[in-house]
Amino acid sequence: MHLKSLPIAPDAQLRNLGWDWMLGQDTLPYLTNEVVTITAAEAEHYYEAANELFDMFVAAGQLVIDQNRFTELGIPPNLIDLIKLSWDDDRNIHLYGRFDLAGGIDGQPIKLIEFNADTATCLPETTVVQYAHLRANGLNESQQFNTIFETLIGQFEELLAQHPDMQPTLLLSAMRGFPEDDANVALIGEAAREAGFEIEFDFIDGVEFSDEEGIFWQNPKNGQFEKLDFWFKLIPWESIAEDEPELTRILTEIVKKRLAVVINPAYTLLFQSKYILKILWELYPDHPLLLETDIKPLAGKACVEKVLFGREGANVRILNADGSERQAVEGEYGDYPKIYQEYVAFPQDAAGYTYQAGVFYAGEACGLGFRRGGLILDNGAGFVGHVVD
């Protein structure tokens, strides 16, 4: 594990880039002066691994649909029709997600931990803050695996090309009271604007949905409701299906009638469910990028117990080979079914911190960052950038 200190903070560079809004309390406090140093070959291996994994996830998603295995994945029944609708229409592209990976540095093999396919965060830190940190210290952009912003612009351009019958109007929504989510949504909106979209933002509780007309935003300037043809939501699909069944029904009709395009599409919940890790192991047993996963603890092996839709390390337990508990994190997702994934140690620095690589995917692998923390990376984990030396 090799770390380098970049002592000059990125604040001034962020202002130079015009990203002053990212200097708030929700993106910078946990950025350190240290960065992980990797080789060009290691960066290429992360790129290749994420690209290969996405193709494997698509194959696993097709198997789930073909064999009608939605229940095993914990998919709410009222979302199945919308998942099939979005899957069968190739115009509904997956905008972006983030692969969480173990290994990849100092000769350790890359292993898939999970795919945050639906509502991946950590975008501002990975896309802009670590880049600004690099530039503030006089380093060249070629010394970082980071083309996320440009690649997101390309994805939005592809969305426009796939939907020439739709107006380039995009509404971005998150849940009220989560400033970190707002920063992620703002970055996505900037990429969409660069691609040619007119963008608006409103919290989910301010959006109007009609199964006959589409999705509407109330313009505060005139009080009028205006229709927008594209809707990005940083709200988990399973939460919508479980908490808002009527909205789920309306969204199914909206997509079916092409009244609006919803991003990320509903089929990304197939990739988000951690049960897909078991499906992948069925399809690709002993694949070098995968860890054995089952619905019961792995006999004679240390493993990690995960709930199907947990986030930020919540409700995760590490079990020793004899079944005893090594460490656990409480959380609000304990009612979901569980899977058991073979345990693999993360790279570790001299101070004992562990590092998990996050590789963003937006049509292709496009950027790398690291989360740093303890044995289980929870919502207290920090972000660490990288430099390619």
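Buried here means under 20% relative accessible area, with exposed over 50% and partly exposed in between, using a 1.4 Å probe and protein chains only. The model you are looking at is predicted, so local features need pLDDT of at least 70 and side-chain atom pairs count only at pLDDT 80 or more, while totals for chains, interfaces and linings use all residues. Residues are numbered from 1 along each chain as its sequence is written, and side-chain values use heavy atoms, leaving out hydrogens and water.

What covers that buried side of the helix? Helices (H or I, at least four residues) and strands (E, at least two) are DSSP runs, numbered from the N terminus. Helix α6 itself covers residues 179–195, and its 17 residues should span 24 Å at 1.5 Å a residue; the end C-alpha atoms are 25 Å apart, which agrees. That expected span is 1.5 Å times one less than the number of residues. Just after α6 comes G196, with a positive phi of about 115°.

Now visit α4, where E125 is found. This residue counts as buried because its relative accessibility is 1%. E125 lies 13 residues from G138 in sequence, and their C-alpha atoms are 19 Å apart in space.

Further along is α8 (residues 245–256), whose 12 residues reach 17 Å from the first C-alpha to the last, close to the 16 Å expected. Its buried residues include L247, I250, L251 and I254. The buried residues of α8 pack against α3 (80–88), β7 (208–210), β8 (214–218), β10 (230–233), α7 (237–243) and β11 (261–263). After α8 comes R258, whose phi is positive, near 55°.

Finally, step back to the whole protein chain, which has 10 helices and 19 strands. For 389 residues, a compact globule would have a radius of gyration near 21 Å, and the chain agrees because its value is 21 Å; this radius is taken over C-alpha atoms, and the globule rule is 2.2 Å times the number of residues to the power 0.38. Buried residues make up 58% of the 389 residues. Among contacts (heavy atoms within 4.5 Å) with a separation of 6 or more, 73% join residues 24 or more positions apart.
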